[in-house]
Amino acid sequence: MATQFSVPPTNAPLVETVISTLPEGKIADYLTGKVVNDTPEEYVRQNLEKALVRQYRYDPKNCYPEFSIKLGSSRKRVDIVVFQAGKEPIQENQ
């Protein structure tokens with residue numbers, strides 16, 4: 001006799017998972033899939049990226065890690081920027 005399971009509906013986005021081996025000390029960025037150094041700062045950033053998508057339901061297409069902004073006469077790097085849906089990813093639309 002087959003057992004049936006009821007799976008509750010979810011609004012979570014579908015995520016394609018690709019399994020591969022990474023070098024020691026490297027991890028794949030949650031949003032971009034790029035290989036980055038596994039550091040304490042990166043650990044925090046990855047958890048924030050996951051929370052933005054999973055918990056707060058931001059579209060990953062609107063989230064940009066390591067985004068460069070102009071601040072006065074210099075350029076600074078921001079850990080993660082979330083843009084409004086449908087807006088061009090430029091500093092004025094943050």
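This is a predicted model: local features need pLDDT of at least 70, side-chain atom pairs count only at pLDDT 80 or more; totals for chains, interfaces and linings use all residues.
**Overall arrangement**

The protein contains 1 helix and 4 strands. Followed along the sequence, these elements come in the order β-β-α-β-β. Of the 94 residues of the protein, 18% count as buried. The accessible surface amounts to about 7,800 Å², and carbon and sulfur atoms account for 53% of this surface. Contacts across the sequence may also be considered: among those between residues at least 6 apart, 25% join residues at least 24 apart.

**Arg45 in the helix**

Arg45 belongs to helix α1, which covers residues 40-55. The relative accessible area of Arg45 is 7%, and this residue is therefore buried, since buried means under 20%. The side chain of Arg45 is joined to the side chain of Glu66 by a polar contact of 2.8 Å. When neighbours within four places in sequence are left aside, the residues in contact with Arg45 are Pro65, Glu66, Arg77, Asp79 and Ile80.

**The aromatic rings**

A pair of aromatic rings is described by two quantities, the distance of the centres and the angle of the planes. With centres within 6.5 Å as the rule for pairing, the protein has 3 aromatic pairs. Two of them are set out below.

| Pair | Distance between centres | Angle between planes | Arrangement |
|---|---|---|---|
| Tyr64 and Phe83 | 5.4 Å | 80 degrees | edge-to-face |
| Phe67 and Phe83 | 5.3 Å | 70 degrees | edge-to-face |

Why is the pair of Tyr64 and Phe83 edge-to-face? The planes of the two rings stand at 80 degrees, and an angle over 60 counts as edge-to-face, so the pair receives this description.

Tyr64 lies in strand β3 (residues 63-71), whereas Phe83 lies in the segment after β4 (74-82), so their pair ties together parts that are 19 residues apart in sequence. The pair of Phe67 and Phe83 likewise links distant parts of the chain, with Phe67 in strand β3 and Phe83 in the segment after β4, 16 residues apart.

Which of these residues are buried, and which are partly exposed? Phe67 and Phe83 are both buried, and Phe83 has a relative accessible area of 4%. Tyr64 has a relative accessibility of 29%, so this residue counts as partly exposed. Together, Tyr64, Phe67 and Phe83 form one aromatic cluster.

Note on methods: Residues are numbered from 1 along each chain as its sequence is written. Side-chain values use heavy atoms; hydrogens and water are left out. Helices (H or I, at least four residues) and strands (E, at least two) are DSSP runs, numbered from the N terminus. Buried means under 20% relative accessible area, exposed over 50%, partly exposed in between (1.4 Å probe, protein chains only). A polar contact is a pair of N or O atoms within 3.5 Å; within protein, one must be able to donate a hydrogen and the other to accept it, and residues adjacent in sequence count only if both atoms are side-chain atoms. Contact means heavy atoms within 4.5 Å. Rings of Phe, Tyr and Trp (its six-membered ring) pair if their centres lie within 6.5 Å; planes under 30 degrees apart count as stacked, over 60 as edge-to-face and the rest as tilted. Accessible areas come from the Shrake-Rupley method with a 1.4 Å probe; for residues, only the protein chains shown count as cover.
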